[in-house]
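Subject: Structure for you to look at

Dear colleague,

I am handing over the structure that I mentioned, and below it you will find what I found when going through it. Please read the notes with the model open beside them.

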Amino acid sequence: MTEKKFELTDLSSGKKSLLPVKSGTIGPDVIDIAHIARDHDVFSFDPGFGVTAATESKITYIDGDAGVLLYRGYPVEQLAEKSSFMEVSYLLLDGQLPSRAQLEKFTRDISRHTMINESLLRFFNGFHHNAHPMAMVSAVIASMSAFYHDSMDINNPRHREIFAHRVIAKLPTIAAAAHKHSLGQPFVYPRNDLSYCANLLHMFFAVPCEPYYVDPVAAEALDLLFILHADHEQNASTSTVRLAGSTGANPYAAISAGVSALWGPAHGGANEAVLNMLEQIGSVENIPKYVAMAKDKNSHFRLMGFGHRVYKNFDPRAKIIRAACYKVLEKLGTSNPLFELALRLEEIALKDDYFVERKLYPNVDFYSGVIYSALGIPRSMFTVMFAIARSVGWVAHWQEMIADPAFRIGRPRQLYTGATRRDYAEITKR
Ligand code: ACO
C-alpha cells in the first residue's frame, strides 16, 4: 500500500513539499504539518482548534457525525448500562477493564484517600458563604500541591499513580466541604464503607444530629451521570489540563486549571445555565420567543445545552440522560416541570430550520440538571459534579501525556496583526 501524502504547493514561489499523513485506528487521517514552517516559512491558522489534532491519544474516540462515543473502545451506551463509575475510571486510566480483584483493589485505593488534610479544610472559612463552589473547588485543588510534596515527582510513575488516586478520591470531599460551607452546616467526614457516589451524597446531605440513609436510586443515578461525564477526549478543560501540565507544573495546579476552564457556560457551566434558562423561559408558550432570540445574531442569547463542537448529530450522552430522567423521576416519586419544558424545547428546536441546518442537537448538559435537581443537588453545584466525574479524564490524559517520551511544552503560534516596528515617543511628544 502506498503511503498517503498531501502535497503543499506555494503558488508564489512554486516550492512544493509532501506532507506525511498519519492514520489512527479509526477516525479521519491527520496531515503532519510539523515542518511547514521550516520548509515554507508559514504556520497553520486554526482559531478554536476546530481541525487541529494536538496529540495522539488512546483514551476516547468520538465520531461526531454518527453520534458515537467510545471509552478505550467501549461504546458509552454499554458502559452506562453495565458498568460503574469506579470501573470506568479504572478503564480510562489503565486502558483495560479490570478483573474483579483489580477493581476491588482500585476501589479500596480510592476510598483510602477520601479524607483531606484538616488544614485544607480550614481554607473554606476564608470564603464568603455565597462564594460560587467552583471558585472554592479550583482554589482548594490548586492548594493541594502545598500538602503533598512527598509525591509530586511527575517523572515517577508511582507518584503519578498516588496523585491520580488523591485527586479522584478527594474531589468529592472538597465539593462537599464547599457545599456545607455555603449552607453553614458542619462538614461531614467521608465514609469509606460506602460506594463513591453514595459517599458523596452522604457528605452532601448528612448532618451530625440525625442518621442519614443514602437512597440507592440516587446513588445509582449519580453513578450513571459520572460515567457519562468521565471523559470526552481533547475538550477545552482537558486541553487546558494538558497545556498547564505540559510545562511540568505540578498536577494539582494543572487540574485546578482544568476546573477553571470547565466553569464557562460554553463548556461545563452549561448544566447550571440550562436550568437557569428553562426557569427564565418559564412556560411552553414562551418557547418560540426564546428560540427566536437564540436565532437572532444581535442577541447574545443561545439555547444552553444545545450544540457541540464535535457532535453534529445527537450527543449519545444526552439520549441516555433523557431516558434516565424519566426513570429517576419516577423511582424517586417526583416530577420536575422544567423537564417537561426541556422536552418541548428540544422538540420545537429540532423542527426549526436554524437548528436543523446547523446540526444543533441537545448536548450532555441539556438534561443532566434535571437529575441533579431531583437528587437535591443545588444548581451552583452542577458544574462541580461535572468536575468530579471529569477529574478521571483529566488525570488519564495528563498521565498519557507525561508518560509519552516525545511530549513537549504546548506552545501555539499566532498570526500577528498588531503594529509593525515603531520607535518609542517621549510622553511630551504624543
Ligand atoms: N443556540 C443558538 N445558536 C447556536 C448555538 C446555540 N446553543 N450553538 C451554536 N449556534 C450557532 C452559532 O451561532 C453558529 O451560527 P452561524 O453559523 O450562523 O454563525 C453555528 O451555530 C455554529 O456555532 P459555533 O459557535 O461556531 O460552534 P462552536 O463549535 O464554536 O461552539 C458550543 C460549540 C460552544 C457548544 C456552542 O454550540 C454553544 O455555545 N452551545 C451552548 C452552550 C453549551 O451548551 N455548551 C455545552 C457544550 S457540551 C460541554 O462542553 C460539556
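What covers the buried residues of helix H10 (residues 236-245) includes helix H11 (251-262) and helix H18 (382-403), where contact means heavy atoms within 4.5 Å. The residues of H10 that are buried (under 20% relative accessible area, with exposed being over 50% and partly exposed in between, for a 1.4 Å probe and protein chains only) are Ser237, Thr238, Val241, Arg242 and Gly245. They lie on the same side of H10 because they cover an arc of only 145° around the axis, the arc being that of the directions from the helix axis to the C-beta atoms.

Before going further, please keep in mind that this is a predicted model, in which local features need pLDDT of at least 70 and side-chain atom pairs count only at pLDDT 80 or more, while totals for chains, interfaces and linings use all residues. Residues are numbered from 1 along each chain as its sequence is written, and side-chain values use heavy atoms, with hydrogens and water left out. Helices (H or I, at least four residues) and strands (E, at least two) are DSSP runs, numbered from the N terminus.

Turning to the strands, two of them are said to pair if DSSP finds at least two bridges between them. Three strands form an open, antiparallel sheet in the order E1-E2-E3, and E1 and strand E3 (30-31) stand at its edges, each with a single partner strand, so one side of each is left without a neighbour in the sheet. Strand E1 (residues 5-9) pairs with strand E2 (residues 16-22) over five bridges, and lysine 5 has proline 20 in E2 as its bridge partner. The hairpin of E1 and E2 has six residues between the strands, and glycine 14 takes a positive phi near 80° there. E2 and E3 are joined in the antiparallel sense over two bridges, with valine 21 opposite isoleucine 31 in E3.

Another open sheet has three strands in the order E4-E5-E6, again with antiparallel pairing; its edge strands are strand E4 (60-63) and strand E6 (74-75), each of which pairs on one side only. Four bridges join E4 to strand E5 (residues 68-71), and in E5 the partner of threonine 60 is tyrosine 71, while that of aspartate 63 is valine 68. In the hairpin of E4 and E5, with four residues between the strands, glycine 67 takes a positive phi near 70°.

Finally, there is a pocket. On a 1 Å grid over the protein atoms alone, a pocket is an open set of points where a 1.4 Å probe fits, with protein on both sides within 12 Å along at least five of seven lines, and lining residues have an atom within 4 Å of a point. The second largest pocket has a volume of about 380 Å³, a volume being the space filled by probe spheres set on the points, which are joined across faces, edges and corners. Of its 17 lining residues, the closest to the centre are Ala80, Glu220, Leu224, Ala324 and Lys327. Helix H14 (316-331) is one of the elements that give two or more residues to this lining, and H14 gives the most, with seven residues.

Best wishes
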